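I opened the model to look up a few local features and some totals. My notes follow.

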Amino acid sequence: MNDIVKTSIQVIESNPNLRSLLSWNLQQAGYQVQQCTDMVSARDNFQAQQPNLVVLEAEFSGGQGIQLCHWLRNQSYPLILMLSARITETDVVTGLSAGADDYLKKPFGMKEFLARVESLTRRSRHTTTPLAVDYGDLHIDLVQRRVRYKGDFIDLTPQEFSLLYVLTQAEGEPLSRIDLLRRAWPDAIDNPRTVDTHVLSLRKKIEVDPRHPDLIQTVRNVGYQICVGQISASPLEMMAIAHGKPA
């Protein structure tokens, strides 16, 4: 039971009665539970609490559950149990492809729901989840959601952090603006220039010369890529070198 007590679960469900019922049963089973009623609270709660498991309704917030699932999967490594009234094979495949670890069709019994949750949390207890990711001298802390570049902490917004993390996950492969919108943004956004704005902001914080970037490079007619091989010195060190001063 001690393992269960340590497990934190976020319930993202639009139906208030079902949300309360699921949360109450999870609490009775010994889990720590946070309930979310909208996209903003879902994102904020996830970033603040970093739950072990997310129970996510596919139809949440006007059908944005799939988009939110993509975003959750690219934030860190939560387990995701997707709930949905959509029961065709295509629907199930769409949910699993979005990053869900399990897919439970509505309506369902509470015993089956709790069994699915226990199965997923048991899997997590036997799986080592990385707490941080290193790419050369770029250190990404997935728990604290902080970035350190060769010892120097870089102050990023939550969206900048998500964008940087998705780029580094690609390990140098170029990603289109559409791919970045789908994977790094929680909301459905159809303006690719949003990516350009955030890349510019990110470059100002991690590049020595944002006008001639070394780390986040533009790939013509494609999008952006991160050049992991360039991650060798911090902005403070490289600025000092550029001005002939010791780092």
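Which residues does Q10 touch, leaving out those up to four places away in sequence? I listed Q34, C36, S41, A42, N45, F46, P51, L53, V54 and V55. This is a predicted model, and I read every value with that in mind.

I placed Q10 in strand β1, residues 8-12. Is Q10 buried or exposed? I noted Q10 as buried, because its relative accessibility is 0% and the cut-off for buried is under 20%. I also looked for a polar partner: the Q10 side chain makes a polar contact with the side chain of N45 at 3.5 Å. N45 is also on the list of residues that Q10 touches.

Next I went to helix α2, residues 16-28. I checked its length: 13 residues at 1.5 Å a residue should span 18 Å, and the end C-alpha atoms are 18 Å apart, so the two agree. I then wrote down the buried residues of α2, which are L18, R19, L22, S23, N25 and L26. They lie on the same side of α2, because they cover an arc of only 165° around the axis. On the face turned away from that buried side I found the exposed residues N17 and Q28.

I looked at both ends of α2. At its start, a side-chain oxygen of N15 comes to within 2.9 Å of the backbone nitrogen of N17. Just after α2, G30 has a positive phi of about 105°.

Last, the totals. I recorded 11 helices and 12 strands for the protein. Of its 247 residues, 49% count as buried. The accessible surface is about 12400 Å², with 50% of that belonging to carbon and sulfur atoms.

Technical notes: Residues numbered from 1 in each chain as written. Predicted model: local features only at pLDDT ≥ 70, side-chain atom pairs only at ≥ 80, totals over all residues. Heavy atoms only, no water. Helix = DSSP H or I, 4+ residues; strand = E, 2+ residues; numbered from the N terminus. Buried < 20%, exposed > 50% of the residue type's maximum accessible area, 1.4 Å probe, protein only. Polar contact = N/O pair within 3.5 Å; in protein donor to acceptor, adjacent residues only side chain to side chain. Contact = heavy atoms within 4.5 Å. Areas by Shrake-Rupley, 256 points an atom, 1.4 Å probe, with all protein chains shown as cover. Expected span 1.5 Å × (residues − 1). Arc of directions from axis to C-beta.
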